[in-house]
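Please look through the following structure with its sequence at hand, and keep both in view while reading the report below.

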Amino acid sequence: MSVTISRRTALIGLAAAAVDPFAFARTQKDKPVGWAILGLGGYATNQIMPAFAAAQNSKLVALISGHPEKLTRFGAKYGIPESHRYTYDSMDAIASNPDIDVVYIITPPATHPEFTLRVAKLGKHVCSEKPMAPTPADCQKMIDACKKAGKLLQIGYRSHYEAHNLRAIQACRSGELGKIQSIRSDHGFNIGPGQWRTQKALAGGGSMMDIGIYSLNALRYLSGEEPIEVSATITNPPNDSRFVDCEDTVDFTLKFPSGLIGHGTSGYSWNPGKNRYEVVGSKSKLVAELATGYYGNHLTVDGKDLPVVENNQWAAQMDHFSDRIRHGGKVKTSGQEGLRDIRIIHAIYESARLGKPVRV
Ligand code: NAD
């Protein structure tokens with residue numbers, strides 16, 4: 001598929017260059033960015049891969065998986081030729097595939113650093129899912145590897161590209177709500193047993209790493225501030241086999257430089273779950289519920305609907321990175337953004353362990 005297309009593109013470009021010497025460079029710059037998906041699990045196959053249909057400048061061109069059967073199944077579904085299907089053993093060959101610009105890593109968090117280092121070394125840009133990695137040191141290694149290879153790194157914080165969240169940020173910054181006086185964010189659900197999400201070695205932690213990170217990240221992007229101190233309490237239900245290795249409910253506060261206190265929660269045993277944030281200003285109150293859902297996000301100000309035109313947040317996230325790859329500029333949800341959250345999560349764990357506030 002793409003071999004033919006890229007040859008055709010090259011021929012068109014060269015023909016155009018005969019009359020306009022800059023035309024070939026322009027056709028390359030306008031070419032959609034080629035994405036390979038690494039890890040064909042639930043999020044990759046249900047949310048990310050279907051979103052390419054709504055993308056403007058991002059194209060699904062390759063698949064990388066530990067399961068040959070998935071490569072066959074999803075390769076056929078998305079028209080990816082066998083030459084562009086790789087296993088973890090054969091993926092070093094992506095280095096010589098010019099159709100692939102970026103690899104999107106969608107595997108358990110503990111695997112993100114190793115795959116990122118490998119992909120950057122193979123000369124491709126990296127998008128890694130959240131949480132970026134289990135520890136700040138892992139995150140730093142990922143940042144350093146991409147920098148050394150001259151490649152960009154994006155973390156899959158889809159809410160930064162989602163229309164309701166962008167509108168909520170605008171409401172917080174524009175003064176519509178007055179001065180922000182109080183802010184809280186709650187994210188939790190009821191997790192099934194036996195998943196990698198409750199195994200610390202793969203997940204890096206428990207609910208805080210997986211779902212509480214939405215509460216934390218929202219408190220940061222809504223306030224526009226970075227916390228200087230955190231306090232936290234962790235509560236695990238006794239005799240629940242899901243929580244022998246990881247945390248369940250986390251209650252945390254973030255102290256921001258302005259004096260604002262952010263309140264956050266996270267949970268893995270909540271039934272029903274919760275996906276919500278609330279910002280109280282000196283003039284008005286904004287409530288988002290759902291706040292960071294895949295679909296169905298909803299905003300109110302003082303109880304009245306705040307209308308927002310929905311967008312495809314996954315396509316917007318990928319198109320942003322594709323644009324930065326083609327045209328340069330700052331990546332909105334960079335490795336630094338991922339690292340900040342992981343640093344704060346570790347401070348939250350430390351505060352809960354010590355039973356006192358911890359400076360970030
Ligand atoms: P999943 O269990 O459905 O899929 C994980 C995939 O990784 C599977 O294909 C599995 O075979 C593969 N895998 C498992 N262990 C591996 C290992 N040791 N090495 C290599 N591959 C391995 O999980 P998921 O829900 O798709 O989550 C994957 C990543 O995406 C996680 O980082 C998760 O936090 C993130 N995620 C993000 C969102 C979001 O909204 N941004 C939503 C869901 C998941």
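Predicted model: local features only at pLDDT ≥ 70, side-chain atom pairs only at ≥ 80, totals over all residues.

The peptide bond that joins K130 to P131 is cis, and its omega angle is about -20°. A cis peptide bond also leads from N271 to P272, where omega is near 5°, and P272 has its place within a strand, namely β11 (residues 269–281).

Another backbone feature concerns N239, which is not a glycine and yet has a positive phi of about 55°. This residue, N239, belongs to the loop between β8 (229–235) and β9 (249–255).

## Where the ligand lies

The space that the ligand takes up is the largest pocket. Why can the ligand be said to lie between domain 1 and domain 2? Domain 1 (2–158) and domain 2 (162–309 + 334–359) both give residues to the shell around the ligand, and therefore the ligand lies between them.

## The shell around the ligand

The ligand is surrounded by 24 residues, and the closest of these are G42, R158, W196, R197 and Y214. Sorted by class, the shell is made up of 11 nonpolar, seven polar and six charged residues. Three helices, α3 (42–51), α5 (112–121) and α9 (207–223), each supply at least two residues of this shell.

## Polar contacts and burial

Which parts of G42 and Y43 come within reach of oxygen atoms of the ligand? For G42, a backbone N or O atom lies 2.7 Å from an oxygen atom of the ligand, and for Y43, a backbone N or O atom lies 3.0 Å from an oxygen atom of the ligand. With Y214, the side chain takes part instead, as one of its N or O atoms is 2.8 Å from an oxygen atom of the ligand. Taken alone, the ligand would expose 830 Å², and the protein buries 79% of that area.

Conventions:
Residues numbered from 1 in each chain as written. Heavy atoms only, no water. Near = heavy atom within 4 Å. Polar contact = N/O pair within 3.5 Å; in protein donor to acceptor, adjacent residues only side chain to side chain. Areas by Shrake-Rupley, 256 points an atom, 1.4 Å probe, with all protein chains shown as cover. 1 Å grid on protein atoms, 1.4 Å probe; cavity = no way out; pocket = protein on both sides within 12 Å on 5 of 7 lines; lining within 4 Å. Sits in = over half its atoms within 2 Å of the grid points. Helix = DSSP H or I, 4+ residues; strand = E, 2+ residues; numbered from the N terminus. Nonpolar A, V, L, I, M, F, W, Y, C, P; charged D, E, K, R; others polar. Domains from an automatic or database assignment.
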